[in-house]
Amino acid sequence: MNNFSSYKREDIFHNLEKEKLDLLVIGGGITGAGISLDAVTRGLKTGLVEMQDFAAGTSSRSTKLVHGGLRYLKQFEIKIVAEVGKERAIVYENGPHVTTPEWMMLPFHKGGTFGPFTTNIGLRVYDFLAGVKKQERRKMLSADEALKKEPLVKDQGLKGAGYYVEYKTDDARLTIEVMKKAVEKGVHAINYAKVVELLYDGSKKIIGVVVEDQITGEKHEVFAKKVINAGGPWVDNLREMDGSKKGKALHLTKGVHLVIPKEVFPLKQAIYFDTPDGRMVFAIPRENKTYVGTTDTTYQGDIAHPQITDKDRDYLLEAINYMFPSLNIGPNDIESSWAGLRPLIAEEGKGNSPSEISRKDEIFISDSGLISMAGGKLTGYRKMAEQAVDTVVKQLKEEEGILYPESDTEKMPISGGDIGGSKGFDRFKEQKVREGINLGLDKETALKLVQKYGTNVDLVFDVYQNRSEEAKEENIDPDVFAMLVYGIEHELVYKPIDFFIRRTGALFFDINWVHQHKETVINYMEKVLKWSKEQKEVYTKELDQLLYEAVHPIKE
């Protein structure tokens with residue numbers, strides 16, 4: 001049984017307690033996952049604790065693009081564009097199963113923010129800075145060519161379009177694959193483990209934490225030479241606990257996305273467009289849906305539970321109907337939605353409007369030695385991790401004379417991605433889809449599984465093939481059963497929301513599938529994870545609440 005299984009939760013806590021760690025990472029989003037992988041591959045004994053589920057915060061609620069940062073050109077953030085563009089290619093090569101190139105069209109209309117001239121120059125600079133591959137370099141389209149690619153785009157005042165490549169990803173799966181790779185390399189990582197106290201030595205230096213298991217209520221002391229706070233939107237809560245929150249602070253902004261069925265919004269081509277108020281919005285086809293986002297509004301509510309409001313919804317509906325006027329999409333056409341927070345860094349005393357605040361990442365080191373990593377972006381996670389671990393190894397060298405090697409993650413495939421990069425993935429996909437069909441899966445399901453799990457699909461196929469009787473007894477579709485068993489045994493799935501939101505993305509992109517399978521899935525989880533009656537009630541309610549919120553915005 002592998003050491004990232006929900007049946008092994010006690011063992012993981014035990015390992016965290018008994019080992020004197022070199023580094024403890026607090027936070028299991030993409031930043032924390034990246035840091036733990038970077039650290040363990042350099043030889044540091046590493047642990048990671050996450051108070052919710054992995055990727056439950058910002059890392060499952062983004063626009064799901066590993067983007068090249070085109071919009072930073074507008075703010076002349078040249079260095080960000082160059083770095084992010086190069087990182088994007090690395091993320092893709094290391095996990096081609098969770099990241100896919102997608103041609104994006106940027107239409108320009110009379111009076112819009114972008115014109116043919118500025119777009120052409122912008123995209124050329126972008127190609128150059130980001131080191132874009134030859135076959136993915138920008139093209140410029142005439143108005144007619146643009147309408148051929150996407151007939152739904154507003155033709156009135158259309159002058160043409162830029163055409164360039166972005167990469168779409170499944171952000172939560174990207175996070176879990178990085179986390180699994182870290183665990184495979186020796187990281188002790190656990191979800192539903194909340195830091196409730198920081199531990200200090202006599203000279204007020206941080207030496208560890210007290211973690212409370214959110215499932216059993218048990219407390220565990222975890223000691224480490226270094227502690228990194230990678231809490232995303234919660235970074236400042238930990239800095240407050242440490243008494244070190246001063247100077248720069250987080251400024252949270254909320255972004256929401258709407259999901260609309262393809263029948264209603266038959267988008268053929270991903271579009272990046274400006275709205276009447278000058279904000280940029282994406283409309284992206286995915287599976288049998290089209291999703292649109294995002295907004296950017298200052299947020300002050302419950303960090304764990306951002307919700308979409310009717311105002312957010314109406315803003316995006318207006319944007320859709322402005323750019324795609326033939327559709328007349330209304331509130332009843334929305335199938336699902338999500339809201340996420342961006343933890344941006346604001347400086348005290350400066351006027352900070354959401355669009356002006358820096359998207360950069362920064363490291364703060366407090367007097368106690370707590371290292372906090374704030375800001376940053378999905379695409380840049382690997383570079384951020386390298387920076388954070390560089391900080392740690394530099395300190396360990398000064399304090400203890402220990403030398404650790406440089407970061408080694410640039411050419412390291414993440415879990416499921418070990419297939420010879422993007423070139424190897426196409427061949428792999430064909431072969432595995434054939435195998436899936438031979439096992440009795442239909443082509444579409446086989447492809448979905450291969451695309452979702454990459455090289456780990458063998459384990460999923462194995463359950464599908466060898467435990468079909470059990471699936472039948474439990475009254476669960478065999479492919480759903482295979483994903484569920486794999487999730488519990490290899491991806492630390494403990495609650496229904498872990499499975500239906502973070503491991504499958506279904507609550508966003510296939511909400512009816514969730515309604516269809518939730519009862520049998522919950523019954524099976526209750527049985528094998530030995531939940532109490534209360535647990536079952538609470539976890540079911542939690543899922544029902546999120547299913548309800550996905551289609552019912554709150555009144556603002």
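Contact means heavy atoms within 4.5 Å. The views below come from a predicted model, in which local features need pLDDT of at least 70, side-chain atom pairs count only at pLDDT 80 or more, and totals for chains, interfaces and linings use all residues. Residues are numbered from 1 along each chain as its sequence is written, and side-chain values use heavy atoms, with hydrogens and water left out.

**View A. Histidine 517 sits in helix H18 (residues 511–528).** Helices (H or I, at least four residues) and strands (E, at least two) are DSSP runs, numbered from the N terminus. Histidine 517 is in contact with Asp477, Val480 and Phe500, leaving aside its neighbours within four places in sequence. Its relative accessibility is 4%, so histidine 517 counts as buried. Buried means under 20% relative accessible area, exposed over 50%, and partly exposed in between (1.4 Å probe, protein chains only).

**View B. Helix H15 (residues 478–490) is mostly covered.** Eleven of the 13 residues of H15 are buried. Among them are Val480, Phe481, Met483, Tyr486 and His490. The buried residues pack against helix H7 (171–184), H12, H13, helix H14 (468–473), helix H16 (496–503) and H18. At 1.5 Å a residue, H15 should span 18 Å, and its end C-alpha atoms are 18 Å apart, which agrees. The expected span of a helix is 1.5 Å times one less than its number of residues. Just after H15, leucine 492 takes a positive phi of about 50 degrees.

**View C. Asparagine 456 lies in the loop between H12 and helix H13 (457–466).** Is asparagine 456 buried or exposed? It is buried, with a relative accessible area of 14%. Not counting residues up to four places away in sequence, asparagine 456 touches Glu177, Lys180, Ser415, Gly416 and Tyr486. Asparagine 456 and tyrosine 486 are 30 residues apart along the chain, and their C-alpha atoms are separated by 9.3 Å.

**View D. Helix H7 is mostly covered.** Of its 14 residues, 13 are buried. H7 should span 20 Å at 1.5 Å a residue; its end C-alpha atoms are 20 Å apart, which agrees. Just after H7, glycine 186 takes a positive phi of about 120 degrees.

**View E. Helix H11 (residues 421–438) meets helix H12 (residues 443–453).** Two packed helices are described by the angle between their axes and the distance between the axes. Here the axes come within 9 Å and cross at roughly 135 degrees. Axes are lines fitted to C-alpha atoms, for helices over the stretch in contact, and angles run from 0 to 180 degrees between N-to-C directions. H11 and H12 are therefore oblique to each other. Angles under 35 degrees count as roughly parallel, over 145 as roughly antiparallel, 65 to 115 as roughly perpendicular and the rest as oblique. The contact includes Phe425, Phe428 and Lys432 of H11 and Ala446, Leu447 and Val450 of H12. Its residues divide into seven nonpolar, two polar and three charged. Ala, Val, Leu, Ile, Met, Phe, Trp, Tyr, Cys and Pro count as nonpolar, Asp, Glu, Lys and Arg as charged, and the others, Gly among them, as polar.

**View F. Helix H4 crosses helix H10 (residues 381–400).** Their axes come within 8 Å and cross at roughly 105 degrees. That makes H4 roughly perpendicular to H10. Glu83, Glu87, Ile90 and Val91 of H4 touch Tyr381, Arg382 and Lys383 of H10. By class, this contact has three nonpolar, no polar and four charged residues.
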